Structure formats: structure tokens, C-alpha cells
Amino acid sequence: MKWLLLVLILIAPIFAPYDPMTTHLSEIVKPPSVAHPMGTDHLGRDVWSRWLYGGQHTLIMTALATLIGVGFGTLGGLVTRYEAFAALWEGLMALPGLLLSLVLLTLLGASSLTIAIAVGIAQIAPTAIYTRNIIKQIKIMAFVEGTIAIGASEWWVMTRTILPNAWPSLRVYAVNTFGYCLLNSAALAFLGFTGQPGLPDWGVMMAEGNLILREAIWVSLAPGIAITVLLWLVYPKER
Amino acid sequence: MIYLFAFLCLMLVGCGAASTDNVNPTEQPSRIVYGLTLSPSGFDPHRNESAELGIVMRQVYDTLVYRDPTNGNFVAGLASEWAISDDRLTYTFKLRQGVKFHDGSDFDAIAVGATLDRITNPDTRSSRALTLLGTYNGYEIIDRFTIAINLSEPFSPLLDSLSQVYLGIASPTQLARYSVERYQYYQSGTGPYKLVSYVPDDHLILERNPDYNWGPAFYQPAAIDVIEYRFYTTPATRFTALESGEVEIIGEIPPLTARTETGNSQIQIMPTAIPGQPLQYLINTQQFPTDNLTFRQALLFGTNRRGIVDAIFQGFSPVAWGPMTSNTLYYNRAVEERYAYDSTQARALLASIGYVDADDNGFLDHEGGDLELRVIMPTWGSIPEVTQLLQEQWGDLGIQVVIETVPDAPTLFSQVQEGNYNLVAFYTFGLDPAFLNSYFVTNGSRNWSRFSDPTLDQVLRDAIRQLEPGTRNNLYAQAQQIIMDNALIVPIREYVNLNTTSIQIEGLQFDPYGWFPLMTNVRLRS
Amino acid sequence: MKRILFRLGAIWFAITLTFVMLRVLPGDAIIGPLIEAGADQQTIQEQQILLGLDQPIWTQYGAYLSDLIRGDLGESIVRGLPVSEILRPAFGSTVSLAFSALIVMIPMGITLGVIAARDHLLARLIIPFANAAPIYWTGTLVIFALRNTSEIWIPALLLAFHTSGAVARVTESSLRQTFNTTFVQTARAKGLRERTILGRHVLPMSLIPVITVIGLQAGFLLSGTILVEMLFLRPGIGQVLVNGVLRRDYPVVQGAVMVITVIYVMINILVDLLIGWVDPRLRADV
């Protein structure tokens with residue numbers, strides 16, 4: 001069900017009736033109709049088509065950000081055996097993630113790619129700390145101590161014993177991080193970091209829609225509901 | 001139970017934050033809230049540069065001269081009369097007597113001198129005020145109510161500068177009492193309103209100055225006792241604040257809102273044109289392909305400004321044709337329709353300099369790739385929307401537009417310094433076209449067209465030395481002509497501030513600079 | 001002792017990173033207002049020298065650290081006032097918002113968690129929504145619906161609602177785990193009422209992860225308030241940080257980061273202590 005939805009979002013653009021970027025200045029903020037099932041926005045673009053394209057873009061970029069955050073974060077967690085490095089992660093963790101992204105984007109210039117990178121980088125420290133704690137917990141378990149006792153190499157212990165045991169927790173963690181990345185990149189759009197103007201993205205659409213809420217609430221509702229439902233379905237259920 | 005406790009706590013915090021009102025119990029004071037649209041970094045007119053600070057501080061300070069809002073002519077302010085020497089280097093001002101600062105001290109020539117000293121002191125780090133003083137070279141106090149301002153070279157915009165709030169006269173005793181930085185919280189001028197409090201990013205409160213009777217002729221006796229200013233930086237909250245009665249006056253309503261609320265009987269929409277530069281894109285004449293005049297002209301012909309103005313500004317802004325707006329002094333009508341939208345002409349011009357789309361991919365070719373333009377785009381104002389439409393319009397001509405977004409002014413300036421851009425959006429406001437010099441004189445600090453032409457330099461330099469309006473008019477007509485002949489900018493629209501007030505407000509009027517309201521003339525309808 | 005050194009190291013790293021990051025950004029605090037005002041290149045250079053912005057970064061860093069050790073956060077380049085004077089009201093505003101949110105969030109989160117653990121449909125709907133919906137989106141809708149931006153309880157409730165989702169989720173899962181342990185089954189076997197079991201036995205046992213997540217959410221509250229403050233136009237630390245970066249007011253951003261880091265570290269210590277107090281077995285680890 002979950003996977004079907006993701007695939008649907010990825011292939012959605014093929015159902016788009018209009019080009020998501022092309023403006024139609026005579027069709028500004030038209031309410032939903034047969035021609036435009038989700039209405040049009042402040043530049044006369046078809047919200048339905050933008051919404052379909054936006055899902056794909058949002059999903060890919062958020063996945064990339066998650067990959068950066070969780071990938072480098074896990075690596076960082078694996079290599080920080082020393083307290084000094086742990087202090088480094090703790091220090092990064094204490095910085096507000098939004099500030100880190102904001103500074104990175106000012107430095108790199110805002111494009112879809114740099115936004116994904118900036119959002120991903122902000123997730124590295126929390127992931128590293130989380131990984132480190134998980135590994136600590138696994139290490140004190142009896143079977144790991146056993147493998148060390150029989151003289152297994154450090155690499156072997158790490159890859160064959162610890163990682164497989166840490167994997168389920170890390171997977172849940174990654175899904176949560178996906179959620180944070182999605183919310184954070186939308187937050188950056190809200191603060192004005194939207195990347196290439198006109199690009200369809202749910203976060204950007206929401207930020208644009210918020211500016212014309214009074215005249216065209218549908219522009220903000222469509223991506224807002226989409227993000228909420230997507231995260232609702234994706235977040236792991238506590239059972 | 002826990003919830004009840006939590007809500008009580010919330011209420012307490014809420015009440016604590018809101019109890020800033022100072023209500024006079026004996027009579028009902030009239031009070032309005034004015035919504036500002038930007039929270040500037042400071043409100044010291046001598047140090048800071050924003051228009052927002054002027055909206056507030058115009059009420060706190062008087063200036064030596066004023067511009068009459070009906071015809072723009074200079075009229076007496078704190079100076080009752082003035083004379084300019086024949087060499088145009090000395091301006092002598094006879095000052096009004098019996099004027100008192102809000103702190104109770106007397107206004108005289110020493111006060112004018114103290115203000116000038118403060119602005120020119122490097123430790124003040126003045127931005128706009130110092131620039132407005134131009135070739136200022138000291139002053140001389142002739143007697144208690146006569147002061148002469150000396151210039152090192154003739155600088156005709158001086159009176160225009162002295163009529164602006166950035167050169168408002170401050171109380172020397174108050175200036176001496178506080179440090180340069182702290183003065184802004186305790187400002188003391190001679191204006192119709194006194195500053196009561198300023199809490200950064202939160203609010204300012206002004207109170208009527210009951211002694212005020214030395215204002216210019218067009219100031220009526222003030223009727224509103226207390227004005228509170230609050231910040232509505234998010235455009236979407238502005239109309240909501242007006243509609244819910246949180247504010248009585250607010251500027252910069254989104255054009256779409258202004259359009260849909262035009263019939264609303266509870267509000268009044270007052271579009272106010274601001275003189276100065278239009279929303280414009282400066283074209284880099286040193287960078288391929290915009291180094292070619294024909295190419296630049298093709299861009300101008302290929303720009304459908306009417307379409308942009310109608311869509312994004314909902315028709316509230318006039319289309320702009322030249323480097324200054326039609327309500328700026330010495331505007332030259334000859335620039336109008338010069339580059340009226342004509343995509344056929346644009347295509348023909350591009351073809352005439354050899355651009356073709358041989359690979360038929362929709363874009364003109366250049367060295368095996370597509371013809372590209374790099375545009376530096378700030379994210380404020382409506383620039384992103386406008387740039388997007390330009391991207392589409394120029395894309396139709398076969399030009400690929402690459403947009404470089406910059407989130408803030410420091411980034412914009414350092415990108416511009418690197419020089420590898422074709423267009424950059426930037427503009428400033430002002431009534432006297434003296435602002436053109438920093439943009440179009442060869443070594444001007446904002447010469448981002450990187451254009452150098454001895455005639456233009458000469459004309460613009462001469463224009464700020466000449467006093468006679470007829471002479472200046474001719475010089476500026478020539479300058480506007482040269483700028484558009486060389487297609488140095490893509491002007492889009494004239495700036496219009498969409499002020500909106502509740503139906504209770506009447507008499508709201510703005511000075512010739514457009515941004516600054518005459519709050520003395522505002523009345524509350526009974 | 002080792003823990004303290006560790007935490008001090010973390011603070012040092014955070015402020016050093018901030019210091020370097022800010023100075024790598026293009027432009028500085030001087031150039032913005034001056035170009036805006038049309039000043040010439042010479043004036044810009046004079047003012048840069050006046051403020052020491054032309055000095056090499058390590059000289060500036062040395063001066064910054066030595067001031068910091070003496071307890072001096074420096075002066076704002078833009079406003080000219082001591083940084084502490086700018087941060088005090090801003091933090092006051094943010095903390096009052098975050099605290100108002102916190103005192104609503106904790107009971108709200110735990111209640112939702114308890115209801116959810118009993119499979120109540122309402123909680124099943126509310127909790128995922130609180131977690132999934134973007135806060136500035138719901139915030140904008142709330143402003144639009146209530147036509148009000150000025151009262152603190154609106155942003156406070158909004159923040160509380162969104163942060164309570166995580167607390168509720170952890171409470172729920174922790175409760176479920178505890179319900180399945182043998183001593184609860186023993187209690188049931190003894191014939192105790194469900195309510196007593198929940199209140200006396202299960203809830204206290206389940207509190208440890210809840211405290212941890214509340215600590216984490218307290219940190220999130222601080223960054224969540226940044227967005228909410230921007231949206232509800234409140235003059236808090238969010239405005240100070242964002243404007244500080246946009247205007248390149250280095251000392252103000254550094255000061256704010258310093259305070260945020262210290263608060264973060266203190267919350268962590270507090271969480272450690274609380275956990276040790278709830279479950280003495282874990283005390284040795286602190």
C-alpha cells in the first residue's frame with residue numbers, strides 16, 4: 001500500500017494535463033473547475049498539474065536529503081569511538097538545524113539540489129548520535145562480547161554483528177528522518193529559499209499558496225494535505 | 001485540571017505581553033495603529049536608510065525646508081527663509097524662533113550644527129543621511145538663528161536632501177545624553193509627534209506634541225493623540241490585520257488582495273505612486289551576450305511589460321519606460337513607448353546579429369550550446385514572479401534564462417562584484433534624479449550596467465551642479481535618452497504602495513516622496 | 001567531570017563552527033545598508049576598517065574568544081548595542097512562548113498517548129496529524145480562520161499541538177510494552193482495576209522514554225518557535241537569528257547560538273538527572 005503510493009507519486013506527472021511551469025496570465029487564481037480540477041495559481045498555472053509534478057520532485061529531493069543525512073550520519077556514528085568526536089556531533093546537534101540550513105543555502109545559493117543538501121547536512125549530527133547510542137547498546141549485549149572474546153576482528157564485529165542488529169532501528173529512524181527532511185525543506189521554502197522559481201514542489205507550492213490564501217485557498221490546501229497524508233502513511237506505526 | 005492550569009498560565013503570559021497601552025483616564029484619547037511592512041534594522045534617521053523609518057520619524061522631526069505636497073515646491077520649515085550664494089557653494093538659512101524640542105530645549109543654529117556634526121562623524125556610521133549631504137563641507141553659525149552650510153562643489157540636490165527626514169534636526173541635549181547607538185530609543189525632534197517608546201521588531205509608540213504650532217502650512221493641527229506602529233512583515237497577514245481591526249492603516253497590501261477587496265465598503269484602498277527608479281533590471285554591457293547593443297534592444301522589445309503589470313500587479317502600477325518613474329522630477333516623456341512590446345521586431349534584431357536555432361530545440365544556438373542569460377534575482381518584492389515571466393517571454397525568443405537567486409543584500413552585492421551576470425534587479429527611491437549618478441556614471445558605486453560613456457558622465461555630473469530647473473530638465477532629458485538609446489536597463493513598472501485604511505480614517509495624505517504620510521492631517525470619522 | 005568537559009567541548013565546537021560559517025558568507029554587515037543608500041566605495045572601506053571587518057579571520061576569532069571568556073558577547077554591528085541587550089528581550093519572548101507550549105504539550109501528549117494505547121479512534125486520527133502536518137501550514141490556516149495574529153495563546157497552542165504528537169507516540173508505545181510485562185499481568189491476576197494498574201504501575205514505569213522525548217521536544221520547541229515566530233510576527237529569537245544571518249550581524253548570531261547551545265546542553269543534563277531519579281538503575285550511566 002505504502003509502496004504503491006510512492007510509485008504512484010513518482011509516475012504521477014504522466015497524468016498531468018498541462019505543463020506545470022507555463023503561466024497563463026488570463027487564467028489567474030481561477031477556482032477549481034472541470035478544466036482545472038484544483039484551480040489555478042497567481043500566475044495562472046494549473047495547480048493539478050503542478051501538484052502531480054510537485055509530488056515527484058518533492059519525493060526525489062527529500063529522498064536525496066534523507067540519504068545524505070542518514071548515510072553520512074551513520075558513517076559518522078560508526079567512526080566516533082572517541083569522546084572528542086562525540087562532542088563534535090553533540091555540538092552540531094545543539095545548533096538549530098534551520099540555522100545550519102539557512103547559512104549553507106546563503107553560501108551555496110538556493111537550487112533544488114542545494115536545498116536537499118542543506119537539509120540533509122542538518123540531519124547528519126542527530127543521526128550520528130543516534131547510531132552511536134544504538135551501537136553502544138548492542139555492544140554490551142552478551143553475544144557481541146562473545147564474538148569479541150573469540151578473537152573476531154573489529155571490522156568483522158562491526159559489519160557482521162553490530163550493523164545487522166542495528167539495522168531495524170536505523171530503518172525506522174531513516175523513515176522518521178525522511179519526514180523531518182520533508183518538513184524542513186518546506187520550512188525553508190516558507191522562509192523564501194525556493195530554488196529555481198516556478199519549479200513545481202509541494203513545499204514551494206505551499207509557501208506560494210500561503211501568500212494568496214485569502215484569494216485562492218486551494219493553492220495551499222492541495223500540497224498541504226498531500227504532505228500531511230504522505231507523512232501520515234509513511235511514518236512507522238507504533239504497534 | 002492540568003489543562004485548566006495550563007490555560008491560566010497562558011492567559012497570564014498573554015496579558016503580560018499585551019499591557020503596553022498608556023491610557024489617559026481623564027479623557028478618551030484618540031488612538032490608531034499603523035501597520036509597517038518591514039522591520040528595519042534601526043529607526044535612527046541619521047544612521048539608518050529604510051523608508052519604513054521615515055514613515056514613523058517624519059512625524060517626530062521637522063526639516064529645515066519642506067516640499068509642498070500639492071506642487072513639490074520648497075516651502076519654509078524650521079528655516080523661515082534661505083539664500084544661495086552666486087557660486088552655489090554657500091546656503092544660508094534664517095531659522096524660525098520659538099521652536100522647542102520634545103525634551104524642552106530650544107531650537108537654534110547650534111542644534112542644526114549638532115545634527116550635521118553627528119551625521120558627518122565617522123563613528124555615527126551614517127548611510128543615507130551622509131550620502132544625501134553630497135559635497136557638504138562644514139557649516140558656519142552666523143548668529144543664534146542663522147546658519148550657513150558650505151559645499152566644496154556645487155550640489156543642487158541639497159535642498160531636496162534637507163527636506164527629507166534623514167536630515168531631520170535633533171535636540172543637541174538629547175544627542176549628548178545618549179550614545180550614538182542608544183539615541184534611537186530616546187529620539188527628540190521638534191515634530192508634531194513625540195517618540196514614546198521603541199521596542200525593536202515589536203512596536204513604536206508616538207504621542208501628539210501639544211505645543212506644536214510651527215509646522216509647514218500644509219500641516220493641520222494633529223487630531224490623533226497616540227499612534228502605535230506594528231510590524232506586519234508577512235504579506236498574507238496584512239489585510240487580515242486591517243480586517244480584524246488590529247490596525248487602521250497599513251501599506252503594501254498584496255495586489256491580488258487589493259483587487260478582490262476593491263468593492264469592500266469597510267476599507268479604503270489608496271494606491272500611492274513612489275517616485276524614483278522603476279522596478280528594473282540593469283543590463284551588464286561587459287558580459288556576453290548583453291555586451292551587444294542590438295541584443296539588449298531585442299530584450300527590451302521582447303518584454304511584455306503590460307502583461308506583467310496586469311498579471312502580477314493587477315494593473316495597479318503604471319508601466320515603466322525609462323530609468324526614472326513618471327512622477328520623478330525632470331521625467332522625459334520621450335522614453336515612453338520607445339521599446340513597446342514587439343516580439344517580431346525582437347526576433348528580427350536577434351536574427352540580424354546572426355542568432356539562429358539550427359538544432360531546432362527552441363533555443364538560439366551559441367558555440368554548440370544554447371544562448372544563455374544569467375540573471376541575479378533577489379527574493380524580495382515581486383521580483384521572483386516578474387523574473388519568472390521574463391524567463392518565459394525571453395524563452396519565447398529563444399533565449400535560455402538562468403536565474404541565480406540571492407536571499408539577501410550582501411549576497412547580491414558580492415555576486416554583482418564578481419561581474420559574470422547579464423542582468424540584475426535593483427532599484428531605489430527618490431524625487432530628485434540625483435540617484436542616477438551612482439548607477440550610470442562610469443565609476444558610480446552601483447554602475448552595474450558597467451557602462452562608460454563620457455557624454456553621459458558629463459551630463460549627469462553637470463546635472464547635479466546646475467541649479468536652474470530648466471537647465472537640469474534639459475540635462476536629465478538627455479541622460480534618459482542616452483540610457484535608453486544604449487538599452488542599459490529593462491524597466492518594468494513604477495512602484496505603487498497599496499496603502500489601505502479602515503473606513504474610519506480620513507484625510508490620509510502622503511508627501512511628494514510617496515512613502516511618508518502626513519499624520520497631522522489624519523482624522524477619525526465619528 | 002568527564003561529562004562536563006565533554007559538554008564544554010560541544011559548546012566550543014558549536015560556537016566556533018558558527019563563527020567560521022558566518023564569515024564565509026558573502027558580504028558583510030556594512031555593505032548592505034551603504035550600497036542601499038548609494039554610498040561610495042571609499043566610505044564602505046572606511047567603515048569596514050572602523051569595525052575591524054578587514055582583519056584576518058583568526059585575529060577576529062581570537063578577539064571574540066577572549067571577549068567571550070570575560071563574559072562579553074560583543075556588540076551588534078547593525079544596532080550598535082551590546083548583544084546581551086538584544087538577546088534578553090528576544091529570549092524572554094521565545095521562552096515565554098516555548099514554555100507556554102511546553103506546559104500544554106506535556107499533559108496533552110501524555111493524555112493522547114494513554115487514549116491511543118486504549119485504541120481510541122480519536123487519538124488514532126489526531127496523533128499522526130500532529131506529527132505529519134507542517135506547522136507553518138496549519139499556522140497560516142489558523143491565522144486565516146481566526147483573523148488574529150496578536151495573541152500569544154494561538155501560537156502556543158499550535159506549537160503544543162504539533163510537539164505533543166511525538167510525546168503521545170512514545171507514551172503509547174511505552175505503555176503497550178509495559179502492559180505486556182509480567183508484573184502487570186500479576187496485578188491483573190490480583191484483580192486490580194484497570195485504572196489503578198494504569199495510574200499506579202504502568203504509567204510511572206513508562207515515563208523514562210517519555211521524559212527523554214520531552215527533552216528532545218524541548219529542543220525542537222526552540223527551533224519550532226523560530227517558524228511560528230516568523231509567522232505570528234513575534235519578536236523572538238527566530239527573528240533575531242534569521243535577520244542576523246540576512247544582515248550579517250555576526251556577534252548577534254554568535255551570541256544567540258551560544259545561548260541556544262547552553263540551553264540545549266542544560267536540558268540534556270536535566271533529562272539525564274530526571275531519568276536517574278525515575279529509574280535509579282540508570283544513574284551510574286549519567
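Is the crossing of H2(A) and H6(A) left-handed or right-handed?

Author: The crossing of H2(A) and H6(A) is right-handed. A crossing counts as left-handed if the near helix is turned anticlockwise from the far one by less than a right angle, and as right-handed if clockwise.

First, some ground rules. Residues are numbered from 1 along each chain as its sequence is written, while chains are lettered from A and ligands numbered from 1 in the order in which they are written. The model is predicted, so local features need pLDDT of at least 70, side-chain atom pairs count only at pLDDT 80 or more, and totals for chains, interfaces and linings use all residues; side-chain values use heavy atoms, with hydrogens and water left out.

Now the pair itself. H2(A) covers residues 47-79, and H6(A) covers residues 124-139. Helices (H or I, at least four residues) and strands (E, at least two) are DSSP runs, numbered from the N terminus. The two axes come within 7 Å and cross at roughly 45°. That angle makes H2(A) oblique to H6(A). Angles under 35 degrees count as roughly parallel, over 145 as roughly antiparallel, 65 to 115 as roughly perpendicular, and the rest as oblique. An axis is a line fitted to C-alpha atoms, for helices over the stretch in contact, and angles run from 0 to 180 degrees between N-to-C directions.

Which residues touch? From H2(A) come A:Ile68, A:Gly69, A:Val70, A:Phe72, A:Gly73, A:Thr74, A:Gly76, A:Gly77 and A:Leu78. From H6(A) come A:Ile124, A:Thr127, A:Ala128, A:Thr131, A:Arg132 and A:Ile135. Contact means heavy atoms within 4.5 Å. The residues of this contact divide into seven nonpolar, seven polar and one charged. Here Ala, Val, Leu, Ile, Met, Phe, Trp, Tyr, Cys and Pro count as nonpolar, Asp, Glu, Lys and Arg as charged, and the others, Gly among them, as polar.

Step back to the whole of chain A. The chain has 10 helices and zero strands. Its C-alpha trace spans about 75 × 40 × 25 Å along its principal axes.

Chain A also has a partner. In the contact with chain C, 41 residues of chain A meet 45 residues of chain C. The two chains bury about 4100 Å² between them, 77% of it on carbon and sulfur atoms. Buried area is the accessible area (1.4 Å probe) that two parts lose on being put together, summed over both. The interface of chain A and chain C has zero salt bridges by the rule. That rule asks for a side-chain nitrogen of Lys or Arg within 4 Å of a carboxyl oxygen of Asp or Glu.

Chain C meets chain B as well. This contact takes 52 residues from chain C and 49 from chain B. About 4300 Å² is buried between them, 61% of it on carbon and sulfur atoms. Three salt bridges cross this interface. Over all chains the count comes to 25.

One salt bridge brings together the side chains of C:Glu85 and B:Arg182 (2.4 Å, N to O). C:Glu85 lies in H5(C) (residues 83-117), and B:Arg182 in the loop between H6 (172-177) and E8 (193-199) of chain B, so the pair joins two chains.

Follow H5(C) to another neighbour. H5(C) and H6(C) (residues 121-132) pack at about 130°, with axes 8 Å apart. The two helices are therefore oblique to each other. Their crossing is left-handed. C:Leu112, C:Ile115 and C:Ala116 of H5(C) meet C:Ala123, C:Arg124, C:Ile126 and C:Ile127 of H6(C). The contact holds six nonpolar residues, no polar ones and one charged.

H15(B) (residues 454-463) and H16(B) (residues 469-485) have axes that come within 9 Å and cross at roughly 150°. They are therefore roughly antiparallel. H15(B) passes H16(B) in a left-handed crossing. Among the contact residues are B:Leu456 and B:Val459 of H15(B), and B:Leu475 and B:Ile482 of H16(B). The contact divides into nine nonpolar, two polar and two charged residues.

Two backbone details close the tour of chain B. A cis peptide bond joins B:Phe288 and B:Pro289, with omega about -5°. B:Pro289 lies in the loop between E13 (279-283) and H9 (293-301) of chain B. B:Arg125 has phi near 50°, a positive value in a residue other than glycine. B:Arg125 lies in the loop between H3 (109-120) and H4 (128-132) of chain B.
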